[in-house]
Amino acid sequence: MKVAIFGQYYQNDTRPIIRDIFEFFLNKKIELIIEEHFLDILYEQNLVENKYQTFKSYACIKNSVDLLISIGGDGTILRSITYVRDSGIPILGINAGRLGFLAKVQKEDIASFLEKIIQKKYTLSKRTLLCVETNDNSIDTEFNFALNEITVNRKDTTSMITVETHLNGEYLTSYWADGLIISTPTGSTGYSLSCGGPVLTPEVESFVITPIAPHNLNARPLVIPDNTVIKLKVSGREEQFLTSLDSRITAVKNEVELTIKKNHFDINMIEIAHETFLSTLRNKLLWGEDKRN
């Protein structure tokens with residue numbers, strides 16, 4: 001087995017997690033390859049001493065590793081998918097952040113979880129991605145996919161933008177708002193949820209359109225089939241608006257048409273039996289904490 005490791009360093013919170021992970025794999029004599037910037041940080045912090053192979057791009061690991069471990073929060077996992085892409089490499093998230101819907105392995109359970117991983121006692125949860133194209137090629141087609149959401153936002157202004165929206169060629173509406181979120185089921189517990197969107201289970205074949213602070217107060221989140229082709233055209237007082245794909249942000253000129261649809265590949269997330277999506281809802285969103293239940 002060969003394991004790729006990508007991570008973020010959060011000072012003292014991350015140190016024991018990193019030590020436990022590297023000690024486990026060293027004892028099991030499992031080959032590791034580490035993202036080069038992350039390894040530089042580990043050397044600087046004296047968290048590792050051994051020499052390791054490194055990777056810096058998708059091409060370095062696409063045909064050579066059995067899984068990728070992401071150390072950090074959900075944002076770290078969102079960044080890690082740019083290294084995995086269409087390779088099918090499963091991702092295991094180890095939570096060094098706070099909420100952690102995707103990074104499910106907690107620091108107290110690292111050894112027991114990793115033991116299950118090397119014994120292949122896990123299942124894969126396939127996660128749908130979105131992709132976006134523009135009619136002026138302003139978004140890099142190499143990184144035009146998102147696991148959580150694609151969002152358009154106002155830029156350099158406090159004024160609203162207008163987002164003209166078509167679904168499969170039919171006009172839906174023009175949202176007057178700070179922006180618009182197109183979310184996958186995975187992203188339904190993120191930005192979309194904070195703006196009033198519904199929670200979708202990962203296997204639901206749908207997307208969610210959620211306006212951000214809409215001025216037309218009857219605008220509500222809309223659930224649509226994931227085979228829908230969404231076209232957006234943004235106008236406003238500024239010359240540009242912002243388009244974000246998870247955490248990657250690009251400035252796009254007004255009136256440029258965005259085409260958003262289901263991506264042609266999925267991402268495989270590793271799940272252990274008792275760490276399901278529903279258990280995460282109970283533990284992270286405190287469902288069932290009402291004493292009447």
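Leaving aside neighbours within four places in sequence, which residues is Val 252 in contact with? In this predicted model, the partners are Ser 138, Ile 139, Glu 239, Gln 240, Phe 241 and Thr 243.

- Val 252 sits in strand β17, which covers residues 248-253.
- With a relative accessible area of 0%, Val 252 falls under the 20% cut-off and therefore counts as buried.
- Glu 238 lies 14 residues from Val 252 in sequence, and the two C-alpha atoms are 11 Å apart in space.

**The largest nonpolar core**
- This core has 31 residues, and those touching the most other members are Ile 5, Ile 21, Phe 25, Ile 69 and Leu 114.
- Two or more residues come from each of these elements: the strands β1 (2-7), β2 (31-35), β4 (67-72) and β5 (91-95), and the helices α1 (15-27), α2 (36-44) and α5 (110-118).
- The top contributor is α1, which supplies six residues.
- Phe 25 makes contact with Val 3, Ile 30, Leu 32, Ile 69 and Leu 114, once residues up to four places away in sequence are set aside.
- As background, nonpolar side chains in soluble globular proteins tend to be buried together.

**How α1 meets α5**
- A pair of packed helices is described by the angle between their axes and the distance between those axes.
- For α1 and α5, the angle is about 35° and the axes are 10 Å apart.
- The crossing of α1 past α5 is right-handed.
- On the α1 side, the contact is made by Ile 17, Asp 20, Ile 21, Phe 24 and Phe 25, while α5 brings Ile 110, Ala 111, Leu 114, Glu 115 and Ile 118.
- Sorted by class, the contact of α1 with α5 has eight nonpolar and two charged residues, with no polar ones.

**Cysteines**
- How many disulfides does the structure hold? The count is zero.
- Cys 131 is buried, because its relative accessibility of 7% is under 20%.
- Cys 195 has a relative accessible area of 26%, between the 20% and 50% cut-offs, so this residue is partly exposed.

Definitions and conventions: Residues numbered from 1 in each chain as written. Predicted model: local features only at pLDDT ≥ 70, side-chain atom pairs only at ≥ 80, totals over all residues. Heavy atoms only, no water. Disulfide = S-S within 2.5 Å. Buried < 20%, exposed > 50% of the residue type's maximum accessible area, 1.4 Å probe, protein only. Core = buried A, V, L, I, M, F, W, Y, C linked by side-chain atoms within 4.5 Å. Helix = DSSP H or I, 4+ residues; strand = E, 2+ residues; numbered from the N terminus. Contact = heavy atoms within 4.5 Å. Axes fitted to C-alpha atoms, helices over the stretch in contact; angles between N-to-C directions. Left-handed = near helix turned anticlockwise from the far one by under 90°. Nonpolar A, V, L, I, M, F, W, Y, C, P; charged D, E, K, R; others polar.
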